[in-house]
Amino acid sequence: MNYLAHLVLSQPHADSYFGNLLGDFRRGVKVTAFSESVQAGVTNHLLVDKFTDSHPAVIAAKQQVSAQRRRFAGILLDICFDHFLLLHWQRFLATPVSQFTEHAYSNLSANLPDMPATMQRMVTSMVTHRWLDSYDDMAQLNAVLERTASRIRFKHAFHGSIEEVERHYDIFESAFLSLFPDLLHYIQHNGPEPGVAVEVFGS
C-alpha cells in the first residue's frame, strides 16, 4: 500500500503516523532509537505490506501488468490503491477524508525534525502539495507514477505506466475492493497497534 493507506491503517497520533511511513525509509536508520509507539508503527507498516503482497487478488492483478513493467507491478498497484481508496472512501470509512488528511498533515509535521532526511523531504512535499488529497485525479495519479519512475536509478521501463492503469483499470479496482476490507479486518485484529486511525464501517 502507499502513503494514504498506510496512514489510514495507523493510529490517530503523530508517532504512529511517523512510524507507519518510516517503514519505507528505514534503510540505514536505527529504528530502535525511536519510541515504542514509533517502532510499533514500523511493525504495522511491514505487516500491511506482507498481507497485501500475499493477497490472492493482488497476486492476480500483478500478472496483468505487461512483461516490461512487471518487476514494478507492486509499486504500480500500491500507488493505484491510494487512488481507489480515495474513490471508495465512504464505502469503508466514516471519518470524512478532508478531516483525516488535515489531521495527518498536522501530525506528520509535528515529527518532521526527527525524521531521516529523505523522509523529511518527502513529507514536506506531501504536506506542501497535499498529495493525499490528489490521488483521485488521473492526471495527478500519472504525475505520482512519473515522479516515482524518475527516482529509479537504473535503466527501466516504468515511465508511461499510466498506460497499465488505463488498460487494466477495472481489474486493479476489483483487486483493491477485494483486498481492502480484508486488510482492514486483519490489521484491526492482528496488528501491533489497537485499531486504525479512522472510524471504520462495519468494524
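Which hand does the crossing of H3 and H11 have? I opened the predicted model with that. The crossing of H3 and H11 is right-handed.

**Entry 1: H3 against H11**

I looked up the geometry of this pair next. H3 covers residues 36-54. Its axis and that of H11 are 10 Å apart, and the packing angle is about 140°. Then I listed the residues that make the contact. H3 brings Asn44, Leu47, Val48, Phe51 and Thr52. H11 brings Leu179, Asp182, Leu183, Tyr186, Ile187 and Asn190.

**Entry 2: H5 against H11**

I turned to helix H5, residues 73-87. The axes of H5 and H11 come within 9 Å and cross at roughly 75°. That falls between 65 and 115 degrees, so I put H5 down as roughly perpendicular to H11. On the H5 side I found Leu76, Leu77, Cys80, Phe81, His83, Phe84, Leu85 and Leu87. They meet Tyr169, Phe172, Glu173, Ala175, Phe176, Leu179 and Phe180 of H11. Leu179 is listed here, and Leu179 is also in the contact with H3.

**Entry 3: Glu173**

Glu173 sits in helix H11, residues 169-190. Is Glu173 buried or exposed? Glu173 is buried, and it has no salt bridge. I looked for the nearest side chain of opposite charge and found Arg91, 7.0 Å away. A salt bridge needs the nitrogen and oxygen within 4 Å, so Arg91 does not qualify as a partner for Glu173. Leaving aside neighbours within four places in sequence, I found Glu173 in contact with Phe84 and His88. Phe84 is one of the H5 residues that meet H11.

Arg91 lies in helix H6, residues 89-92. Its relative accessible area is 53%, over the 50% mark, so I recorded Arg91 as exposed. I also took one distance across the chain. Arg91 and Pro181 are 90 residues apart in sequence, and their C-alpha atoms are 10.0 Å apart.

How many salt bridges does the count come to? I got six. I followed those around Arg69.

Arg69 forms a salt bridge with Glu163, with the closest N and O atoms 3.4 Å apart. Arg69 is in the loop between helix H4 (56-62) and H5. Glu163 is in helix H10, residues 162-167, and the two are 94 residues apart. Arg69 has 5% relative accessibility, under 20%, so I marked Arg69 buried. Glu163 has 38% and counts as partly exposed.

Arg69 also meets Glu164 in a salt bridge, at 2.9 Å from N to O. This pair links distant parts of the chain as well, at 95 residues apart. Both Arg69 and Glu164 are buried.

Where does Glu164 go from there? I found a salt bridge from Glu164 to Arg167, the closest N and O atoms being 3.6 Å apart. Both residues lie in helix H10, three residues apart, about one turn of the helix. Glu164 has 0% relative accessibility and counts as buried. Arg167 is exposed, with a relative accessible area of 52%.

Note on methods:
Residues numbered from 1 in each chain as written. Predicted model: local features only at pLDDT ≥ 70, side-chain atom pairs only at ≥ 80, totals over all residues. Heavy atoms only, no water. Helix = DSSP H or I, 4+ residues; strand = E, 2+ residues; numbered from the N terminus. Buried < 20%, exposed > 50% of the residue type's maximum accessible area, 1.4 Å probe, protein only. Lys, Arg positive; Asp, Glu negative; His and termini not counted. Contact = heavy atoms within 4.5 Å. Axes fitted to C-alpha atoms, helices over the stretch in contact; angles between N-to-C directions. Left-handed = near helix turned anticlockwise from the far one by under 90°. Parallel < 35°, antiparallel > 145°, perpendicular 65-115°, else oblique.
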